[in-house]
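These are my notebook entries on one structure, in the order in which I looked things up. The model is shown first, and the entries follow.

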Amino acid sequence: EMEVMIMDNCIFCKIASHQIPGKILYEDDVCMAFLDLSQTTNGHTLVIPKKHYQHVLDVDQETLGHMMSVVQRVACQIEEKMNTKGFNIVSNMNEVAGQSVHHFHIHIIPRYQTDDPFHIQYTDRSGDVDLETIYQQIID
Ligand code: 5GP
Ligand code: ZN
């Protein structure tokens with residue numbers, strides 16, 4: 001198995017290197033999928049690279065692409081076994097967005113009903129903003 005750099009004090013580096021146990025659903029040389037302790041909904045799973053990257057903008061393209069294929073594969077398995085009705089696939093980047101473990105990870109959050117303990121809300125601010133101004137700001 002490929003060797004990977006381990007960050008001291010990083011809980012996910014320790015799970016990736018089997019220094020602490022995890023309920024592992026999938027593992028290969030570059031990444032791992034394991035159950036999130038919190039289980040916001042049943043089957044709540046994290047996909048992490050074995051190598052330490054801070055967040056989604058830090059990880060290399062090849063690893064990211066591979067991880068997304070693992071997200072798809074593990075979500076399919078959860079869907080079959082847990083009779084899931086849908087998923088939210090989420091990655092929080094930096095504290096402002098709710099990231100608490102600073103080792104890149106993708107949440108697979110199975111959904112069973114609209115009032116699950118997990119919810120995501122997109123506030124409609126379309127009446128308060130100028131879309132063209134925002135668009136120009138980004139593309140300039
Ligand atoms: P974040 O808030 O950074 O997006 O997500 C971190 C997630 O890691 C949380 O959902 C939390 O429940 C989970 N977590 C934190 N420590 C551990 C751990 O030691 N083992 C597992 N399996 N999950 C953890
Ligand atoms: Zn780490």
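**Entry 1: a histidine in a loop**

I began with His52, which is buried at a relative accessible area of 16%, where buried means under 20%, exposed over 50% and partly exposed in between (1.4 Å probe, protein chains only). The model is predicted, so I kept to its limits: local features need pLDDT of at least 70 and side-chain atom pairs count only at pLDDT 80 or more, while totals for chains, interfaces and linings use all residues. For bookkeeping, residues are numbered from 1 along each chain as its sequence is written, chains are lettered from A and ligands numbered from 1 in the order in which they are written, and side-chain values use heavy atoms, with hydrogens and water left out.

I located His52 in the loop between strand 3 (45-49) and helix 2 (61-82). Helices (H or I, at least four residues) and strands (E, at least two) are DSSP runs, numbered from the N terminus.

I then looked up the polar contacts of His52, a polar contact being a pair of N or O atoms within 3.5 Å; within protein, one must be able to donate a hydrogen and the other to accept it, and residues adjacent in sequence count only if both atoms are side-chain atoms. The side chain of His52 meets that of His103 at 3.2 Å. A polar atom of the His52 side chain also lies 3.1 Å from the backbone oxygen of His102.

**Entry 2: the zinc site**

Which atoms coordinate the zinc ion (ligand 2)? I found Cys10 (SG), Cys13 (SG), His52 (ND1) and His103 (ND1), at 2.0 to 2.3 Å. Donors are N, O and S atoms within 2.8 Å of the metal (3.2 Å for Na, K and Ca); water is not among the atoms, so sites may look incomplete.

The arrangement is tetrahedral because the four donor atoms subtend angles of 105 to 115°; for four donors, the term requires all angles to lie between 85 and 135 degrees. Along the chain, the donors follow the spacing C-x2-C-x38-H-x50-H. Cys10 sits in the segment before helix 1 (11-16) and His103 in the loop between strand 4 and strand 5, so this pair ties together parts that are 93 residues apart in sequence.

Cys10 counts as buried at 7% relative accessibility, and His103 is buried with a relative accessible area of 0%.

**Entry 3: the sheet**

I turned next to the overall layout. The chain has three helices and five strands, in the pattern α-β-β-β-α-β-β-α along the sequence.

The five strands form an open antiparallel sheet in the order 1-2-3-5-4; two strands pair if DSSP finds at least two bridges between them. Strand 1 (24-27) and strand 4 (86-90) are the edge strands, each pairing on one side only.

Strand 1 and strand 2 form a hairpin with three residues between them. Three bridges join strand 1 to strand 2 (residues 31-35), and Tyr26 has Ala33 as its bridge partner in strand 2.

Strand 4 and strand 5 (residues 106-111) pair over five bridges, with Asn88 bridged to Ile109 in strand 5. Strand 3 is joined to strand 5 by three bridges, and Thr45 stands opposite Ile108.

**Entry 4: the covering of strand 5**

How many residues of strand 5 are buried? I counted six of its six. Both faces are covered, with Ile106, Ile108 and Pro110 on one side and His107, Ile109 and Arg111 on the other.

I also looked up His44, which lies in the loop between strand 2 and strand 3. His44 counts as buried at 3% relative accessibility. His44 and Ile109 are 65 residues apart in sequence and 4.8 Å apart in space, C-alpha to C-alpha.

**Entry 5: ligand 1**

I listed 16 residues around ligand 1, of which Leu35, Asp36, Asn92, Ser100 and His107 come nearest; a residue is near a molecule if one of its heavy atoms lies within 4 Å of it.

I then noted the distances to oxygen atoms of this ligand. A backbone N or O atom of Ser100 lies 2.7 Å from an oxygen atom of ligand 1, and one of Val101 lies 3.0 Å from such an atom. For His105, an N or O atom in the side chain is 2.9 Å from an oxygen atom of ligand 1.

**Entry 6: the whole chain**

Last, I recorded the extent of the chain. The C-alpha atoms fill a box of roughly 50 × 40 × 25 Å, taken along the principal axes. Buried residues make up 34% of the 140 residues.

Methods. Tetrahedral: all angles 85-135°; square planar, octahedral: opposite > 155°, others 65-115°.
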